[in-house]
Amino acid sequence: MSSIERVNVANIKENFLGTEIVRLHVAQYFKFQKNARERQAILEDYGLWFPNYDPTKTPLVVREKMWRDEVTDENGFIEFPPGVLVLGHTAENIEVPADIGLCMEGLFISESTGKILPLTTDVAAPSLHAGSKGPQTYEIINQSERALKVKVEDLVCIASVFHLGQPSVLAQENRDTTFGIQVSGKIKHGTKFF
């Protein structure tokens, strides 16, 4: 599946076993967290390792070095190593109406087979808030003991639709998150777009 320019949740809701859902796909751009040894070396290079290390005051340039950029291969496949945190984002540019909230399931399924994959996502922060606009970030972890190579266009995350009693007053458009402002087709990490 290629990137969808804009998806208004109010227009694409499906019904699955009596629950309204939205199928969210994955874009082909990713950031893989470097291993613990690499991260420690980066922190030490900046004099930030224990006892001076304070994660809340880590400079942006240091945080950016903690990740490596990855894209799918020429056939659209990417390999998720076991236990590595990977940042990705939705292929869709989502518009969540002010009276609807979404809650992502903490897993991915194969769209072609319907099987649940050992990839978890956003278990600690599954909500897509009413009024959100733009691509949404995935935090992906391969929970199996082996690397998993998948075709990205086959990955689907299901989000359950919740109708709110009244429209939300919290504007979420262009929300500045831990990993920067989310931009269609890119993950912004500081001033660098990937």
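User: How many aromatic pairs does a search of the whole structure find?

Analyst: Four aromatic pairs turn up. Keep in mind that this is a predicted model.

User: What makes the Phe30 and Phe32 pair edge-to-face?

Analyst: The ring centres of Phe30 and Phe32 are 6.4 Å apart, and a pair needs centres within 6.5 Å. The planes stand at 65 degrees. The cut-off for edge-to-face is over 60, so the Phe30 and Phe32 pair is edge-to-face. Ring pairs also link Phe30 and Phe32 with Phe80 into a cluster.

User: How do you know whether Phe30 is buried or exposed?

Analyst: Buried means under 20% relative accessible area. Phe30 has 0%, so Phe30 counts as buried. Phe32 has 1%, so Phe32 is buried.

User: How many disulfides does a search of the whole structure find?

Analyst: The search finds zero disulfides. Cys103 is in none; its nearest cysteine sulfur is that of Cys157, 9.3 Å away.

User: Why is the contact of Asp69 and Lys31 called a salt bridge?

Analyst: The cut-off is a nitrogen within 4 Å of a carboxyl oxygen. The N to O distance for Asp69 and Lys31 is 2.6 Å, so the pair qualifies as a salt bridge. Asp69 lies in strand β5 and Lys31 in strand β4, so the pair ties together parts that are 38 residues apart in sequence. Lys31 counts as buried at 2% relative accessibility, whereas Asp69 is partly exposed at 31%.

User: Why is Lys149 called exposed?

Analyst: Exposed means over 50% relative accessible area. Lys149 has 51%, so Lys149 is exposed. Asp73 has 27%, so Asp73 is partly exposed.

User: What is the secondary structure of the protein chain?

Analyst: The chain has three helices and 20 strands. Buried residues make up 38% of its 194 residues.

How values were computed
Residues numbered from 1 in each chain as written. Predicted model: local features only at pLDDT ≥ 70, side-chain atom pairs only at ≥ 80, totals over all residues. Heavy atoms only, no water. Phe/Tyr/Trp six-rings, centres within 6.5 Å; stacked < 30°, edge-to-face > 60°. Buried < 20%, exposed > 50% of the residue type's maximum accessible area, 1.4 Å probe, protein only. Disulfide = S-S within 2.5 Å. Helix = DSSP H or I, 4+ residues; strand = E, 2+ residues; numbered from the N terminus. Salt bridge = Lys/Arg side-chain N within 4 Å of Asp/Glu carboxyl O.
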